[in-house]
Every structure is written in C-alpha cells, then in structure tokens.
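Dear colleague,

Please find the structure below, together with its sequence. A short account of what was found follows it.

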Amino acid sequence: MLRFTLAKIARAGLTILLVMTFAFIVLRMSGDPAQVLLGPDAPQDAVDAFRERWGLNDPLWQQYLAYLQQILNFDFGISMRDQSPAIDLVLERVPATLAITVPALILKVCIGIPAGVYAALHRDSIADRGVIMMSIFGFTIPSFVLALVLVLVFAVTLDWLPSGGQDTWRHAILPIATLSIGGIGILARFSRSAMIEVLGQPYIRTAMAKGLPWREVVWKHALPNAAIPIITLVGFMVGALIAGAVVVESIFSWPGVGRLIVVSVSNRDLAVVQCLLLVIAASMVLANLCVDFAYGLLDPRLRQKRTQ
Amino acid sequence: MSPLLEARGLVQQYTSGKSLFGKPDIVRAVDGIDLTVTRGEVLGIVGESGSGKSTLGRMLLGLETPFSGEVLYHGQPMPAPRTEQWRRLRAQMQLIFQDPLAALDRRMTIAAQIAEPLEIHGLAKGAEVTDRVAALMARVGLRRDQADRYPHELSGGQRQRVVIARALATNPGFLVCDEPVSALDVSIQAQVVNLLRDLQEQDGLTMVFISHDLKVVRNICDRVAVMYLGRVVEEAPSDSIFAEPRHPYTQALVSSIPLAGQGLEGRIILRGEPPNPAARPSGCAFHPRCRFADASCTVQVPPLENHGGRLAACLKLPRAPRLAA
Amino acid sequence: MSFVSIRDLKVAFDGVRVLHGIDLDIGRGEAVGLVGESGCGKSVTWLAALGLLPGKARVTGSVRIEGRELIDARPGELESVRGARIAMIFQDPSSSLNPVHRVGRQITESLRLHRGLRGSAARAEAIRLLDMVGIPSAATRIDLYPHEFSGGQCQRVMIAMALAGRPDLLIADEPTTALDATIQAQILDLLSSIRRDTGMAMVFISHDLGAVSAVCDRASVMYAGRIVETDNVARLFGAPKHPYTRGLFDAIPDLNAGRARLVPVEGTVPDPRNLPQGCAFAPRCARATRFCTAYAPDLKLQAMGGKVACFHPDQSSEPMRETQVVVA
C-alpha cells in the first residue's frame, strides 16, 4: 500500500512538471511579453531593458532551469505587470472563485446524483423521461448562452437579481446557477446509466433472490457499486473547482481566478500565467489522487491489487 | 506419415502485476511442450481453464512468438510475425474460435466477410469472388439468400458456419479450432461437428481441435493430448485414451463427464481446484489433487514417457521400457 | 399435495410470448430436472415464479407454494418466500456475488433476514455453512471478497448463502455450466450430498442431460416455451418418446461409439416472435405430419407412464444405448 501511495505521488509530481514545462515553452513561443506590456510604440531601449531585466535574452533552456530552481525554492516569480509576487495575486483570487464553484459543486452532487438514481430506479417512467430531457438540456447548452439567458430573464426582465459584480450574496446566485445546471445534467445522466448498469448485474438478482427487500437491495448492493464510476466524475468536478469558472466569471464580472487567467494571458504576464497553471494543475492532480484513494475504499478488487 | 507441424520445447510466459517498483510476477502458461501433428490428422487438445491450451494453439499458428522453443511448419521454422513470409503463411493456417459474433464484423454482410480473405491474399478477382463465396457458402450449408445478411441476423450455429467458410476461403492446409462448438446448443453443436468432420475428410485438412468437451473431442479427433497447467500429461490415440485413461488426471477428467442414464456413482471426484499457473506446485503439478501421489511426486517432475504405446507423465505408472530415441 | 405447483404460467416480454403455459409440480424433497436449449424458457419459468424478472415482463398464470399464490403477490409476501422457502443459485457464480462486499457479509445477510441471527452467532453459522460446502479454512476465508475465490468456490459460497435460509426448495439454474469438468463433478457431488443430508427439494435447470440424469429423480424437457415431455429419469433417458428428446440424446457424441457421425437435430430453434403454427418442433421433426403443422399438441399422459406433448410419440420400447466408462 505504501509503495502504491509513493508511486501515485511520484506520478502526480511528474504530471505537474510536464504541465509546467509545456506551459513554459508554449508561452515563450507565442509572443513577446515586452511588446505586449510596453506597447508597439515603445522605444527599443525600453524594450531591451525590459528583456534584460526579466532574463528574456538568455537561451530558453537557461531560462527554464532558472525557473525550475525558483519553483523548488517556492519562489513563483513576480508579476511583470504590477511587480507584486505572482503567487499572492493568484491566491487572493482563489476565495472568490471557490465562493461560487463550491456551492455549484454541492448543488451538482445533491441534485444530479439523486435525480439520476431516481430515474434509473423508475426507468421509462415520466420522471425518468423528465430527468433525461432536463439533463440533455443541461449539458448541451453552452454556459455562456445559459448565462446570457439567465441574465436576460432574472436581471434585465424581472430585475430580481444583479447581473454582475460581487457585492452581496445575491450577486453570486446567477453565477452559481449557471455553473451548476450543466454539471447537474451530466451527473444525472451519468448516475442514471451507472445505476442501470449495476441493476442489470447478476448479483442484484442474487440479492433479490435471497429475499432482501428492494430498498435494501438498492442501498446495500446497487449504490455501493454504482458509486465507483460516479466518484470518478465527481473527482473531475472537484479538480475543476479553481479553473472551471473562466467563462462564467468573465460574463458576471466575478473577480476570481478565471478573470485573472484571461487578463494575464492577454498581457503575456508570464510569471502569473505560469503560477496559475501550476496551482490549477496541482489542484487537479490532488483531486485525482483523492479519487484514486476513494476507489480503493469502494472497490476491494483494486485495493488488493495495490497491496500485492 | 510426414509431420506437417512440429513443436519443440515450447514455452510461453507472461509477466503480470508489473508496478513501478515491484518485481513482475512470471506466469508460465505453457511450460515445455513437444508435439507433432501429422498431415491429415485431427489432434485434440483437452484441458481445463488455465491449462494453457489456447496459448498453445496460438503459438502453433505463429500468432504468438514462444518465449522459447520453436514451431516447424513443413519442416521450416515459423517466420517472425508481421513479415511478408508470415503474412503469406496466414493463408495456409487458419483459426476458428469460440465466439463467432466476436470473430465477425457486425457491419459487413456475411458474403463480404467470406470474400475478404480472397481479396487480401489476391486469390480471386471480380466475378470469380462471387462464385467462390457462393461455393464456400454452399459447402458449409448456408443458403444463397443469406449472403446479404449481417451477423446479428443469423443464429449462433449459422454464424459459426460463416466463420468456417471464411477460414476455408484460402484453402488452408492447417486449421486450429479453439472451442468451436462450446457456445452452441447441443442440437446445433452436432451439426457443426459433422460439418467440420466432412470438410476435414474431403480436403484432408490437418486440424488441431482445442476443447474442454471430451465427448466432442472423442468424436472428431484421431489423437488426443491432455494438458494440465501448461504441460502435456498424457497423449494417445483417442480410441484408447477414453477407453483406458492412464494418467490419474485423465482418469478423473474422463470419469467427470456426466453421462445420461448414469448416476454419480463410481466417479472420481478430485480434491481442490486447478492451481494458479503463477503458483505452480513443486514436482508433478498435479500432485496436490492426485489420489496416488506420494512424497516423490512433490519433488520429481515426471517426464512424458512411453507407456505401452502412449505417452504419459506420471511417476506412479508402472514403468514401461523406453523406446530408443 | 405438492410443495410448489405451477399452473398455466405464461410470460411475455414486450408483447412477445416466451413461455406458453407451463404446468409443473414439485413435491417435498424431490429433485426435478428442467432440460432444454438456450431460450426454451427453463430459467424464465423460475425467475417468473419468484418475481425476479424485470418489470417489462408480463407474467400470468398461477404459482402456489403450499397453496399461497405468488403471482401478483405483494412484495413482502414474495420476500418471505425468496431465500426462506425457495432459494436460487445461478449459472455464473463469480458475477452472482456482490464484488464490493465480503462473502461473510453476504451470507450473514441471509441469516439475519431468515433466521434473525446477528453478530457473532451469525458469523459462527456462516463459517459452519462455508465449511459444510467445502470451503477450506472457512474461519479465515469468510473475510475475503468474491474475486479472491475461484469460480467453483464462488459457486460453493452461493450454495452456502442459499442454505443460510434453510429453504425447502433450491433452484439451481445451470449451476455447473460455467465451471471446468472436474469442478462440475465436485459441485454435482456437493449438491446431491446436501440434498441427502437436508432432505431439501431441488430443481436442476440445465442443458446438460448427463448432469440432469445424475442428480434428478424426474425431469421435464422444454422446447420453445413449452414442456414437451416429462417423466422419471430412468424412463425419460431409457426410452424418450418425444422426437425432440430423442433428437437431443442422439446429438450428444457417445464416448464409446468412436468416430461415428453425429445425428444432429436439423434446422434451428424458432424465433419466439415468429413461432410456427401447430407444434413448434414440427419444422425440425422427421415424424411430423400435416396434422402437426396445424395443431399444437397438449401434454398428455402416456400409457407407459410419463407425459408427452406429441401426436406421434415414439412408442418403441427400444432401449437407448448403454453407456459405461471403464476406469483403469
């Protein structure tokens, strides 16, 4: 088990390193930060000075090694734009993002999974068809369209809720709604098919044949098995808590991580973008690790494979 | 009779459970097999799951490269997989296995699937293909009007006929059938077994017939090799091996066949289960389940020896004089 | 009075009838075989009787256990029969056990339901049952998961679970089909020794005539959703009267007959959506007349004993070939 854990953590570290390397190279090949930050009309002296100061004249591999060394010292660089540490810029945005993504995730799990399970248990009923229709609606409609529709209805026409900003809890309602509706649809549909698959398994028939009441068959035999694939999907959603709201934050002017991504990328603020990607990659990899361990708790077959 | 195919010291092993730091487990699926298949004969290979019989079949066809040992076809060593020579050999050797639905492409009509090998090996062109397909279909007992059907529109027995027709398209000299009738119902099974027999007799096909169903093997095979945990434990003409099995495992296997009209009396019930190939018992691999085993069986690996006209690997059999090599 | 009595049981899936009126009686302690090829309805009969078919199945007719009707009974009523009076084991033992629960828990669940045993008492009884069905070192292996057992052992665990409710009748649905020959022999042996010890009745569903004749007193042969012949094992296997039964026997290769050509039943089993008029077997039957293709025969008592659904049963008392295995 220890060996399995170590291997998993090593693999996670490797993933983060790959993401960082990829981001580093792509960012440096896709445009000159000096040009972008200083403007096209900047004098050559200023450009040269800027390049010199940020080490942009060194060969790429030297820049890369310097960057890695920094990271190992927990130095995530300084924003080229406002000169403050990149990590501070990123971290100060995290709470705002979590303030809308965490409630959205709770809604997805608390509505999506029960709806899907209920639909599976009442297959071909009106409720089942309703869940299927709602979930198709939920995950086919793009979030920016959904956001605009919600704004149009609840902010512009009905004037119940504000259309943007972060001043009160009422401002959070539309972003949360936009974020959760798609996920509820996906999770409902996924839970439904996972549950239907499990209900068709021979061991469910065995559980019924031994005289177990239907309620216990569902709770003790079907749900624990259906939970295994559902956990994977929820894990993805947890991994996307920090980075999953780029579009929604932009539309509702919500000052979270997503907005910072958009601004920093368009400004070629290398340190901030790199720092953002590092935080995002780390959060996703961490979520994945959690899913892996949850698997072990739910599925004895995997647990044994690991201890061997 | 000249041997068509010869296997010498075949070993196949797989590594499993390879982890980042752990050392891999080595599983020997086939553990030293010598076999000769004579031209025109049907050799049966029987054994339970995990005995390595399917792996052996794939190695005889050259679909799997043995870990060690070699397979000679017409006296020539098997060419390396995916070479030009190897590809040409595919036309001469064919495999039929248990699940015809998995072997067939569900989006192609059965005529197109039977025609495919003709086209791949450039054996027929244009109208000739249609004629050959019609002839093949007639040979395996498929109706003309079924040519445009898709696999799911046919019954299990008919699907297996399609697979057989496709295997015969290239006029192969050697056929490996891996559990070809196990998925079929009794009444249909007999139809397919009869078909395979007829084809074998008409064309003088050489066949290796792998099955766990001893009754079918008895019916179609000239000679039978019984496998246990990757080794041949007994090999004899099928007339004698079923009438008078010598190896204790063969005896148990034969007596375990439930016969209509006969109760459970007099059957040999083996203790325990076939062991995991990853944890092969020492000495004779069968000793933990054998009624005759003693201390020597746990240390000494019994060689496959001649015992009055048949080969058997058991220390407890009365020793017969060895034939000069 | 028989323990279970099935009358005119019919089952349809999505409007397609797959069971066309089954009459069957199981006496206390009796071992009855149900033989037939895939799709003939032998498993559906018992799944329908216990209410284990999916919701889209339409079941009519009557299944009574000691006079209590099971068809359309309340869920609670069915649950008190399942496992306690009638237990069932299935073809694929490995996937019939829940992969995420320890085998011990799956057995004690039955003990709690049907015998009110909990805690250490339930555990001790589960170990006793595992021991009884021949699981070595049951006391420690009770805490293992199904994937840690081989197929044969999983079937033993299934049998232990079935015995936990002390049922009066065990339905064994192709219990040895997925197992290797030597393991099949072990399971057949186990089933008949349990029956000897407990006096439990058994319905043995199988396509394997040999296995049925080895463990049953009486057997019914099914074809296309109907019982076509029923008799005690000795007569049924000694002198089958229905041409289909006869055909099934002839199609099995004989271990002693050498390389004789097999005698198959020509043609294929009819599609339940498209059954022929009259006797469903008529298109494949050598004895069929015009009468057979127009009218369906009822299951009728025969003068020599047994029941046959055929207008032209084989009346010859010519005994079937003798089968015997010599073991050196």
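**Findings in chains A, B and C**

In the unreviewed UniProt entry, residues 94-291 of chain A carry the annotation "domain: ABC transmembrane type-1". Please keep in mind that the whole model is predicted. Over this stretch, residues 94-291 of chain A, the chain is 81% helix and 0% strand.

I turn next to the contact between chains B and C. On one side, 44 residues of chain B take part, and on the other, 46 residues of chain C. Four helices of chain B each give two or more residues to the side that touches chain C: H7 (186-203), H8 (214-220), H9 (238-243) and H10 (248-255). The largest share of that side, eight residues, is supplied by H7(B). By residue type, the side of chain B that touches chain C comprises 20 nonpolar, 15 polar and nine charged residues.

Finally, chain C is assigned two domains: domain 1 (1-85 + 167-275 + 316-328) and domain 2 (95-166). The C-alpha centres of these domains of chain C are 26 Å apart. Their contact involves twelve residues from domain 1 of chain C and 14 residues from domain 2 of chain C. Helix H8 (residues 181-198) of chain C gives five residues, the largest share of the domain 1 side that touches domain 2. That side of domain 1 of chain C has ten nonpolar residues, two polar residues and no charged ones.

With kind regards

Notes. Residues numbered from 1 in each chain as written. Chains lettered and ligands numbered in written order. Predicted model: local features only at pLDDT ≥ 70, side-chain atom pairs only at ≥ 80, totals over all residues. Contact = placed C-beta atoms within 7 Å. Nonpolar A, V, L, I, M, F, W, Y, C, P; charged D, E, K, R; others polar. Domains from an automatic or database assignment. UniProt positions renumbered as here; feature names shortened; annotations may be inferred.
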